Amino acid sequence: VQLGESGGGLVQPGGSLRLSCAASGFTFSSYVMSWYRQAPGKERELVAYINNVDGSTNVADSVKGRFTISRDNGKNTVYLQMNSLKPEDTAVYYCKAERLGLVHLVYWGQGTQVTVSS
């Protein structure tokens, strides 16, 4: 099982980034996919998730209207489009795959650094 995040980097306030998380080794379409982030000295927090059944999404209030999560089951990839970035968005962003049901499985990626600074 592998989850590989990419697309992080340094961006100025107000800028945009698109994170990608490529999955392999499991049935991607059967998993709820999420993005989390962890800033220095803070706990990891949920940023957004996308359902595997109907594609419904939810994002944290702190990023609502600025971040969008999407998935491409054909490419086994989940995306996080981040617009109007703020310095407080600086964190390591992690991809998570979760299968709900009788057998609960969770996989995490290694994370990608996003730094918003002028």
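**Salt bridges, core and disulfide of the predicted model**

Asp61 is exposed, with a relative accessible area of 66%; exposed denotes over 50%, buried under 20% and partly exposed the range in between (1.4 Å probe, protein chains only). The structure is a predicted model, in which local features need pLDDT of at least 70 and side-chain atom pairs count only at pLDDT 80 or more, whereas totals for chains, interfaces and linings use all residues. Residues are numbered from 1 along each chain as its sequence is written, and side-chain values use heavy atoms, with hydrogens and water left out.

Asp61 is paired with Lys64 in a salt bridge (a side-chain nitrogen of Lys or Arg within 4 Å of a carboxyl oxygen of Asp or Glu). The closest N and O atoms of Asp61 and Lys64 lie 3.2 Å apart, and Lys64 is partly exposed at 48% relative accessibility. Across the whole structure, 5 salt bridges are found. Another of these joins Asp89 to Arg66, with a closest N to O separation of 2.7 Å. This pair connects distant parts of the chain, given that Asp89 lies in the loop between β8 and β9 and Arg66 in the loop between β6 (57–59) and β7, 23 residues apart. Strands here are DSSP runs (E, at least two residues), numbered from the N terminus. Asp89 and Arg66 are buried.

A further salt bridge is formed by Glu45 and Arg37, whose closest N and O atoms are 2.7 Å apart. The two partners fall into separate accessibility classes: Glu45 is partly exposed, at 36% relative accessible area, whereas Arg37 is buried, at 6%. Arg37, Glu45, Arg66 and Asp89 are linked in a network of salt bridges. In general, side chains of opposite charge can pair when their charged atoms come close.

The largest nonpolar core comprises 29 residues, a core being a set of buried Ala, Val, Leu, Ile, Met, Phe, Trp, Tyr and Cys residues joined through side-chain atoms within 4.5 Å. The residues with the most contacts inside this core are Met33, Trp35, Val78, Leu80, Met82 and Tyr93. At least two core residues are supplied by each of the strands β3 (17–24), β4 (32–38), β5 (45–50), β7 (67–72), β8 (77–82), β9 (91–99) and β11 (112–116). In soluble globular proteins, nonpolar side chains tend to be buried together.

The surroundings of Val78 illustrate the packing. When residues up to four places away in sequence are not counted, Val78 touches Leu19, Ser20, Cys21, Phe28, Met33, Trp35, Ile50, Ile69, Ser70, Arg71 and Cys95, contact being defined as heavy atoms within 4.5 Å. Two of these neighbours, Cys21 and Cys95, are joined by a disulfide with an S to S distance of 2.2 Å; a disulfide is a pair of cysteine sulfur atoms within 2.5 Å. A search of the whole structure finds 1 such link. The link is left-handed, with -80° about the S-S bond, and both cysteines are buried.

Ser20, which also touches Val78, is situated in strand β3 and is buried at 18% relative accessible area. Apart from neighbours within four places in sequence, the contacts of Ser20 are Gly4, Glu5, Ser6, Trp35, Thr77, Val78 and Tyr79. Thr112, in strand β11, is likewise buried, at 10% relative accessibility. The side chain of Thr112 reaches the backbone nitrogen of Gly8 at 3.3 Å. With the exclusion of neighbours within four places in sequence, Thr112 is in contact with Glu5, Ser6, Gly7, Gly8, Leu19, Ala91, Val92 and Tyr93.

Asn76, in the loop between β7 and β8, has a phi near 50°, a positive value in a residue other than glycine. Ser84, in the loop between β8 and β9, also has a positive phi, near 50°. Most residues other than glycine have a negative phi. Asn76 is partly exposed, with a relative accessible area of 26%, and Ser84 is partly exposed at 40%.

Methods
Helix = DSSP H or I, 4+ residues; strand = E, 2+ residues; numbered from the N terminus. Polar contact = N/O pair within 3.5 Å; in protein donor to acceptor, adjacent residues only side chain to side chain.
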